[in-house]
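Subject: Structure handover

Hello,

Here is the structure I promised to pass on. Please open it alongside this email, and then read through the notes below.

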Amino acid sequence: MIRTLLAIAVLFLTTSSVLAATIPQPGDFYLISRDLQGTFVGSHKIYGENSAGLKQATYCSRSYFVRAKTVAWTQLETERGNTVQIEYNFGKGWRPICSHPEDQVTLKDIGILRSAQEVMAGIEEDEKSAKGRLSAIRQVFNNSKGDNTRGSYHSR
């Protein structure tokens, strides 16, 4: 019982922190893709500080840290005919601050020699570690099933 509650608590804390990290906050910078009518198509977050799996890139004379997939995505979105620009979340909406990022940073600039399609099809290290965390959580639940000798109410 305690093991199950502990596993649920770990799952909740892991999930809530992941969800909170995906919600744009005031002060965040994103590469945002829009179609010809200006409608939002998609986005990738770019960072002001370095972290595992990120590469340094300079857009409009300002340094950011990006994932290789973000640079590849930018290129592919532009090839699809969408407009990509860096936009800043100032708390009341989005403000464009840098146009044509696809002309400023390429995969080659960040040391990637594969095509954008190959990069997007691959799995990055942070995705592998996220899957590893989920596997560990699943293992805790699988182990707790064996500890219950009476079985559940439904199995009686």
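Let me start at one loop. Cys60 sits in the loop between strand S3 (55–59) and strand S4 (62–66). Bear in mind that this is a predicted model.

Ser61 is not a glycine either, yet its phi is positive, about 65 degrees. Most residues other than glycine have a negative phi.

Is Ser61 buried or exposed? Its relative accessibility is 76%, so Ser61 counts as exposed. Cys60 has a relative accessible area of 39%, so it is partly exposed.

Now the overall layout. The chain has four helices and six strands. Read from the N terminus, the order of elements is α-β-β-β-β-α-β-β-α-α. The chain has 156 residues, and 28% of them count as buried. Its accessible surface comes to about 10400 Å². Carbon and sulfur atoms account for 56% of that surface. Take the contacts between residues at least 6 apart in sequence: 59% of these join residues at least 24 apart.

Next, the core. The largest nonpolar core holds 21 residues. Leu31, Ile46, Tyr59, Val71, Ile86, Leu107 and Ile110 have the most contacts inside it. Several elements each supply at least two residues of this core: strand S1 (29–34), S3, S4, helix H2 (68–79), strand S5 (83–89) and helix H3 (116–121). Which element gives the largest share? That is H2, with five residues.

Val71 is then in contact with Tyr59, Val66, Val105, Thr106, Leu107 and Ile110.

Then the aromatic rings. There are four aromatic pairs. One of them is Phe29 with Tyr64, an edge-to-face pair. The ring centres are 5.5 Å apart, with 65 degrees between the planes. This pair links distant parts of the chain. Phe29 is in strand S1 and Tyr64 is in strand S4, 35 residues apart. Both Phe29 and Tyr64 are buried.

Tyr30 is at 6% relative accessibility, so it counts as buried. Trp94 has a relative accessible area of 32%, so it is partly exposed. Buried means under 20%.

Ring pairs also build a cluster, made up of Phe29, Tyr59, Tyr64 and Tyr88.

One last item for your viewer. Arg95 lies over the face of Phe90. The distance from the ring centre is 4.2 Å.

That is the handover.

Best wishes

How values were computed. Residues are numbered from 1 along each chain as its sequence is written. This is a predicted model: local features need pLDDT of at least 70, side-chain atom pairs count only at pLDDT 80 or more; totals for chains, interfaces and linings use all residues. Side-chain values use heavy atoms; hydrogens and water are left out. Buried means under 20% relative accessible area, exposed over 50%, partly exposed in between (1.4 Å probe, protein chains only). A nonpolar core is a set of buried Ala, Val, Leu, Ile, Met, Phe, Trp, Tyr and Cys residues joined through side-chain atoms within 4.5 Å. Contact means heavy atoms within 4.5 Å. Rings of Phe, Tyr and Trp (its six-membered ring) pair if their centres lie within 6.5 Å; planes under 30 degrees apart count as stacked, over 60 as edge-to-face and the rest as tilted. A charge sits over a ring if NZ of Lys or CZ of Arg is within 6 Å of the ring centre and within 35 degrees of the ring normal. Accessible areas come from the Shrake-Rupley method with a 1.4 Å probe; for residues, only the protein chains shown count as cover. Lists of a residue's contacts leave out its neighbours within four places in sequence.
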